[in-house]
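Dear colleague,

My notes on it follow directly after.

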Amino acid sequence: MTDEKLAYVTRPTKRTLFLRTFLPWQLWRFLAINLKMIGIIRRSHHHGPGT
Amino acid sequence: MSRVVVLGAGIAGHTAAAFARSWLGKEHSVTVVSPKPDYNWVPSNIWVGVGLMKPAQVTFPLAPVYERAGIEFVQGAAREIHPDGDADRSTPFVTVERADGSRTQVAYDFLINATGPALRFDKTEGLGPDAGNSLSVCTPGHAAQTAAAFAEEVERMRRGERRRFLVGVGHGTCTCEGAAFEYIVNLEFELRARKVRDRAEITWITNEYELGDFGMGGMHLKRGGYVTPSSIFNASLFAERGIDWITRAHVEKVEQSRVLYETLDGAHHEQEFDFAMLLPPFSGVGLEACDRDGADITDRLFLPNEFMRVDADYTAKPYEEWKASDWPRTYQSAEYQNVFAAGIAFAPPHAISRPYTSPNGTVIAPAPPRTGMPSAMIGKAVAGSVVDMIAGAKAPTHTASMAEMGAACVASAGANPFTGTAASMTVFPVVPDFERYPDYGRDLDRTFGEIGLAGHWIKIVLHHLFLHKARLRPGWRLIPE
């Protein structure tokens with residue numbers, strides 16, 4: 001990869017990289033992301049026949 | 001008594017058959033026709049492709065599951081639809097070809113075409129693992145072959161060799177960039193885990209106009225006080241992982257250790273490799289349709305790309321005039337009320353991403369994805385409509401427009417319970433609706449994405465949960481699509 005290409009790319013900070021695998025934070029994110037996804041699924045789903 | 005026949009046992013077909021059987025009384029029959037004996041949870045094929053899973057962990061035999069559920073299983077490939085019957089029988093049927101070449105007729109009252117894609121490696125010279133020079137993760141067999149090649153590359157690097165990896169899509173009109181993306185970041189993660197990363201040069205090649213397009217026009221995320229396009233996050237991840245990229249590319253030819261490709265500016269280039277995993281473009285599976293007299297009516301049921309015409313607006317129009325309402329809602333054939341298409345088998349009205357053509361006339365534009373959650377939701381909605389129509393409804397009662405539904409997606413970026421990560425994403429709706437959401441086409445409160453270990457845990461949970469559901473084990477109906 002050229003330095004010119006790299007110069008214009010957003011890079012994560014050390015803190016961001018740390019939080020990505022920091023267990024207490026990721027346990028919280030596990031719950032938060034699941035709740036967000038359940039919201040999307042509930043909004044998108046239709047029910048069975050006759051409904 | 002009504003006969004429901006489902007062509008295909010992928011995510012859409014299997015979901016449709018399971019719900020139809022669950023909702024219909026025993027006096028009605030449900031039959032699945034599929035050339036493959038096994039179900040494949042395709043999203044996990046990428047882990048087979050780096051050697052973390054065996055094909056048996058992403059597949060299971062369909063016959064015992066269908067026997068337990070009361071679904072008839074015909075193993076064979078559907079070849080012809082006779083929606084008006086033929087000279088000998090007045091009722092509709094499908095001609096099915098078995099592995100030994102013999103043909104049989106399967107009668108239906110309602111037909112759900114969920115045949116999925118044909119993998120068109122033939123569209124690019126030298127593409128593909130069978131007759132070409134590149135690898136694939138489209139099937140468990142392809143992925144296992146890719147894993148063996150990957151292991152060989154790792155051994156070479158352990159002996160001190162430097163190796164070049166090329167991953168992406170092998171044609172200007174491919175879809176499924178998301179799967180190739182998961183593969184490249186997992187490959188990079190595994191090279192680090194196996195302590196040979198410093199000897200690998202990894203390059204991404206894609207038909208996307210910008211990184212992070214994924215065939216759905218990319219997405220915008222609210223982050224840090226800005227609305228940021230997904231291209232920024234994709235480029236950031238690649239830069240962080242030391243992965244170089246080539247965008248706006250149409251692969252023209254794959255030679256033994258070199259790809260030749262054209263870019264959107266019309267220029268021709270080449271890229272050398274030692275290992276190439278390039279996904280193929282898709283088409284429909286080539287089903288034909290005949291009227292009662294045996295005349296070919298394929299063009300009435302299918303588009304030239306072999307995907308089935310449904311209740312979409314197929315009028316050719318420029319990108320600026322595309323609308324969310326062009327997309328199908330019921331997936332009913334416009335020609336036959338008792339015929340539906342689900343999953344990849346239905347013909348989209350147009351792409352989602354803006355299409356581009358090079359000065360040489362080469363179309364370089366991702367085709368729209370119809371995988372995973374949307375396919376399963378379409379299969380379930382179609383099953384609901386068929387069940388209601390059997391009960392007397394005059395028209396389809398259920399809808400599942402991709403312009404009205406959201407999707408949740410977890411893209412693995414490395415598989416390890418403590419150091420792995422995945423990008424968790426949701427979009428709403430899948431197809432942007434610029435009339436409803438004028439700025440970005442999507443509801444930004446329901447469109448988000450983040451990378452982290454939690455995403456990997458979710459990906460693992462989903463792998464087991466969806467295989468449990470597909471095996472129709474206790475409680476399967478409670479697991480959402």
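Is L472(B) buried, exposed or partly exposed? The model is a predicted one, and in it L472(B) has 18 other C-beta atoms within 10 Å.

With 31 other C-beta atoms within 10 Å, Y331(B) is buried. As background, most residues other than glycine have a negative phi, and most peptide bonds are trans.

A cis peptide bond links F428(B) to P429(B), with omega near -10 degrees. P429(B) belongs to the loop between β24 and β25 of chain B.

In the loop between β12 (200-205) and β13 (220-223) of chain B sits F214(B). F214(B) counts as buried because it has 28 C-beta neighbours inside 10 Å. Leaving aside residues up to four places away in sequence, F214(B) touches E177(B), G178(B) and P369(B). Its C-alpha atom is 8.5 Å from that of S353(B), a residue 139 positions away along the chain.

Lastly, the contact between the chains involves 24 residues of chain A and 35 of chain B. On the chain B side, the elements that each supply at least two residues are α6 (230-241), α8 (372-390), β24 (422-427), β25 (448-452) and α9 (453-470). That side comprises 19 nonpolar, 12 polar and 4 charged residues.

With kind regards

Notes:
Residues are numbered from 1 along each chain as its sequence is written. Chains are lettered from A and ligands numbered from 1 in the order in which they are written. This is a predicted model: local features need pLDDT of at least 70, side-chain atom pairs count only at pLDDT 80 or more; totals for chains, interfaces and linings use all residues. Two residues are in contact if their C-beta atoms, placed from the backbone, lie within 7 Å. Helices (H or I, at least four residues) and strands (E, at least two) are DSSP runs, numbered from the N terminus. Ala, Val, Leu, Ile, Met, Phe, Trp, Tyr, Cys and Pro count as nonpolar, Asp, Glu, Lys and Arg as charged, and the others, Gly among them, as polar. A residue is buried if 20 or more other C-beta atoms lie within 10 Å of its own, exposed if 12 or fewer, and partly exposed in between; C-beta atoms are placed from the backbone.
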